[in-house]
Amino acid sequence: MRNYFLAFLFFSLLVGCFPSKQNELTAYNELYRPRYHFSPTKNWINDPNGLVYLQGEYHLFYQYNPFGTTWGHMSWGHAVSTDLLHWKHLPVAIEEYANPATQDSTMIFSGTVVVDHANSAGFGVDAMIAIYTSNVHKSGQGIAQHQSLAYSTDKGRTWKRYANNPILDIQRKDFRDPKVFWHGPAKKWVMALVVPDLFKVQFYESSNLLQWKLSGEFTGAGDTTRVWECPDLYQLKLDGTNEMKWVLSLSGAHPQGSKFVGMQYFVGEFDGNTFRKDANSEHQFLDYGKDFYAGITFNDMPDQRTIMIGWLNNWTYANQVPTHPWRGAMSLPRELRLVKVEDKIQLASKPIFEVKSLRQKERAVLSQPTSGSFEMEIYMADSSQLILSQGADDKVVLGYANGQFTCDRTKTKNHSFQKDFSSVESVLVPSKPSSIEVSIFVDQSVIEIFINDGAQVLTDQFFMNPGEMRLQPVGNVKIKSGWDLSSIW
């Protein structure tokens, strides 16, 4: 099997059968296909990578399998946008490759793209620098992971691997997911990455993106029920104050236990060398649904916003979700804020304001049939429900009772593809108010829910039979506003 794989990979590279672009015809109206969330024309995607802005374009790179709809052959897919909503597919950016001399094969795992404005690496002013994990299958030795570099001098259209890779190697099997950014006060590049099985985030520093030195570590805290992945580090102002705090976010743990994956974060300080969480503060969860993972923020945003995109899936069932000819999608870009809730500093998030440009037909009443891709702002009193249905026996039930908001997808017909998919997600709303304001974004098979201006967030997939979706209120549910949303394709 090993020799067959290498022969296939070498042949692929020789004849150029890696797809140069996603040019397959699609109307983006297949069953379950999101209309205003990013998804590939076909094949598998997972983690967003290298989110960056350069000269009028937002770049979305992502983990991509050019050959099929399950995980494997990891390469970097690529798309660009001028508004963070409408995306243009570009050729595969950084491809899986093999070394005929050593019989090693390398998949391209998660990482970062930065713009080297000052030419610190020597590849040119404003060169795009990708720093990513090389997942190397060494012949006769197994897997090793180290960090590698590739660069582009044509706004990301073509990429070259650095001749002296790896740029960072500590001789470990699991050592991955570099997030790199420029730290202005210290005038240096900073890299955060994980040693997953040791539940450790390491911080490295560099003046040129090529040589890296360990500057600090963060460990001994948080949820360790799943390995740590995809670190990110960013600074935010606390709403209503001039106080600045740092946030370290990680993927791995889920609030409902080790069967699923999710995202946790810490609030604290970063001194340019290492991160320290605030005293007496605990880890918190970024999203209480089952389908928001590996979220990272954009580098070089042209304004002061901190924007995150996450993968809409869960490793528990990601390879089995019933979509075709693609598997996987990205969340709406979310703007992150820091707020204080009951004397605790926490993240809040909401879809970017640009989503308003997709609004079409306004929805005045809840009982109207929907297009399946819509936005709704509602008020829910205690002991109320909003049912999204395509028949009495095919529905998602949103409920609010005694301070607990729930999303129940156990009553949908199509969930037998994986035994753990059928589930009820929940989040406690602090102070248990008598009513809450809820923003709901539904897109065919995706629902993103933002409670009380994004202080609590819940994201889930669901798979209903085709047909018109209907909204049925139970108890005291009032509509504030609503719109059908147009396709981004």
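This is a predicted model: local features need pLDDT of at least 70, side-chain atom pairs count only at pLDDT 80 or more; totals for chains, interfaces and linings use all residues.
Where in the chain is the place of Asn-280? Asn-280 sits in the loop between β18 (275-277) and β19 (284-285).

## Overall form

The C-alpha trace spans about 65 × 50 × 40 Å along its principal axes.

Of the 489 residues, 60% count as buried.

## Surface and charge

The accessible surface of the chain comes to about 18,700 Å². Carbon and sulfur atoms account for 49% of that surface.

There are 46 positive and 50 negative side chains in the chain. The centres of these two sets lie 2 Å apart.

## A six-stranded open sheet

Six strands make up an open sheet with antiparallel pairing, in the order β26-β35-β28-β29-β30-β31. Its edge strands are β26 (369-370) and β31 (424-428), each of which pairs on one side only. Strands of a sheet pair through backbone hydrogen bonds, in either the parallel or the antiparallel sense.

Within this order, β28 and β29 are adjacent. Strand β28 covers residues 384-389 and β29 covers residues 395-401, and six bridges link the two in the antiparallel sense. At one of the paired positions, Ser-389 has Lys-395 in β29 as its bridge partner.

Strand β21 runs over residues 307-311, and five of its five residues are buried. The cover extends to both faces. On one side are Ile-307, Ile-309 and Trp-311, on the other Met-308 and Gly-310, and all are buried.

Strand β21 pairs with β20 (residues 293-297), antiparallel, through three bridges. Tyr-293 stands opposite Trp-311 in this pairing. Two bridges also join β21 to β23 (residues 334-341), again antiparallel. There, Met-308 has Arg-334 of β23 as its bridge partner.

Asp-232 has Ser-249 in β16 as its bridge partner.

The two strands form a hairpin with six residues between them. In the turn, Gly-240 has a positive phi of about 80 degrees.

## Val-190

Is Val-190 buried or exposed? Val-190, which lies in strand β12 (residues 188-195), has a relative accessible area of 1%; residues under 20% count as buried, so Val-190 is buried.

Apart from neighbours within four places in sequence, Val-190 contacts Lys-179, Val-180, Phe-181, His-183, Tyr-204, Trp-212, Phe-270 and Gly-272. Val-190 and Ile-440 are 250 residues apart in sequence, and their C-alpha atoms are 37 Å apart in space.

## Backbone exceptions

Most residues other than glycine have a negative phi, and most peptide bonds are trans. Asn-280, which is not a glycine, has a positive phi of about 65 degrees. Its relative accessibility is 78%, and residues over 50% count as exposed, so Asn-280 is exposed. Asp-343 is not a glycine either and has a positive phi of about 65 degrees. Asp-343 lies in the loop between β23 and β24 (344-351), and at 74% relative accessibility it counts as exposed.

Which peptide bonds are cis? The bond from Asn-165 to Pro-166 is cis, with omega near 0 degrees, and so is the bond joining His-324 and Pro-325, with omega about 10 degrees. Pro-166 belongs to the loop between β9 (160-161) and β10 (168-172). Pro-325 is in the loop between β21 and β22 (326-327).

Definitions and conventions
Residues are numbered from 1 along each chain as its sequence is written. Side-chain values use heavy atoms; hydrogens and water are left out. Buried means under 20% relative accessible area, exposed over 50%, partly exposed in between (1.4 Å probe, protein chains only). Accessible areas come from the Shrake-Rupley method with a 1.4 Å probe; for residues, only the protein chains shown count as cover. Lys and Arg count as positive and Asp and Glu as negative; His and the chain ends are not counted. The place of a charge is taken as NZ of Lys, CZ of Arg, CG of Asp or CD of Glu. Two strands pair if DSSP finds at least two bridges between them. Helices (H or I, at least four residues) and strands (E, at least two) are DSSP runs, numbered from the N terminus. Contact means heavy atoms within 4.5 Å.
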